[in-house]
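Thank you all for coming. I would like to walk you slowly through one structure today, so please keep the sequence and the picture in view while I talk.

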Amino acid sequence: MSGSNISGEASDAAQSVVGDSVDWMRMRSPQRDQDRVLQSPTHVWLRRIPSAIHPKHLCRYYPRIANRLAMAWGDKVEVEEIFADLLQDRRGQRKGFSERVRVEIERLQRFHQRKLHVNYPPLMVVRRRLPPNLDGNG
């Protein structure tokens, strides 16, 4: 790696920081196509949690977050980190979620704290189908 690349990366990082604040729009990972819709594992997750706590507005307006929660749901520590990131403003002057979405997230958080690790079946064991064996043995 040349010295000019390193200084270029450093200047990019420096441009993301304005004074003591960070330009979070530049720090956020780019949105991918699969972030715009609910993924199959998320639908499985929704079927396995009580319908009374389904995060309908979260799924509609923030499918990326719903997908992230669904994929992490079986990992207590990771899910708690996601909830903390969603509900605590560490960025300062964060716009925040609408009341409906915030209530859904809080309801999911309470459910996760009470039920997931006390007699709640393991979630998100997604079995991927392997393609048929092309050599004729499958």
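This is a predicted model: local features need pLDDT of at least 70, side-chain atom pairs count only at pLDDT 80 or more; totals for chains, interfaces and linings use all residues.

Let me begin in helix H7, where Arg 102 and Glu 106 both lie, four residues apart, which is about one turn of the helix. When I say helix or strand, I am using DSSP runs, where a helix is H or I over at least four residues and a strand is E over at least two, numbered from the N terminus. The side chains of Arg 102 and Glu 106 meet in a salt bridge, with 2.7 Å from N to O; the term salt bridge here asks for a side-chain nitrogen of Lys or Arg within 4 Å of a carboxyl oxygen of Asp or Glu.

Salt bridges that share partners join Glu 99, Arg 102 and Glu 106 into one network.

Residues are numbered from 1 along each chain as its sequence is written, and side-chain values use heavy atoms, with hydrogens and water left out.

How buried or exposed are the members of this network? Glu 99 is exposed, with a relative accessible area of 51%, whereas Arg 102 counts as partly exposed at 27%, and Glu 106 counts as partly exposed at 24%. The cut-offs are under 20% relative accessible area for buried, over 50% for exposed, and partly exposed in between, using a 1.4 Å probe and protein chains only.

The structure holds three salt bridges, and one of them joins the side chains of Arg 68 and Asp 85, at 3.9 Å from N to O. This pair links distant parts of the chain, since Arg 68 sits in helix H5 (residues 63-72) and Asp 85 in helix H6, 17 residues apart. Arg 68 is partly exposed at 40% relative accessibility, and Asp 85 is partly exposed too, with a relative accessible area of 22%.

Helix H6 gives us a chance to check some geometry. The buried residues of H6 are Val 79, Ile 82, Phe 83 and Leu 86. Seen down the axis of H6, these buried residues fall within an arc of 95 degrees, so they line one face of the helix, where the arc is that of the directions from the helix axis to the C-beta atoms. The face turned away from this buried side carries the exposed residues Val 77 and Glu 81.

Of the 138 residues, 24% count as buried.

Where is confidence lowest, and where is it highest? The term pLDDT is the predictor's confidence in each residue, from 0 to 100; its mean in the protein is 74, and 57% of the residues reach 70 or more. Confidence is lowest in helix H1 (residues 3-16), at a mean of 42, and highest in helix H4 (residues 56-61), at 96. Over residues 1-20 the pLDDT is below 50, and beyond near neighbours in sequence this stretch has ten contacts in the model, a contact being heavy atoms within 4.5 Å. The pLDDT also stays under 50 over residues 124-128, for which the model has seven contacts beyond four places in sequence.
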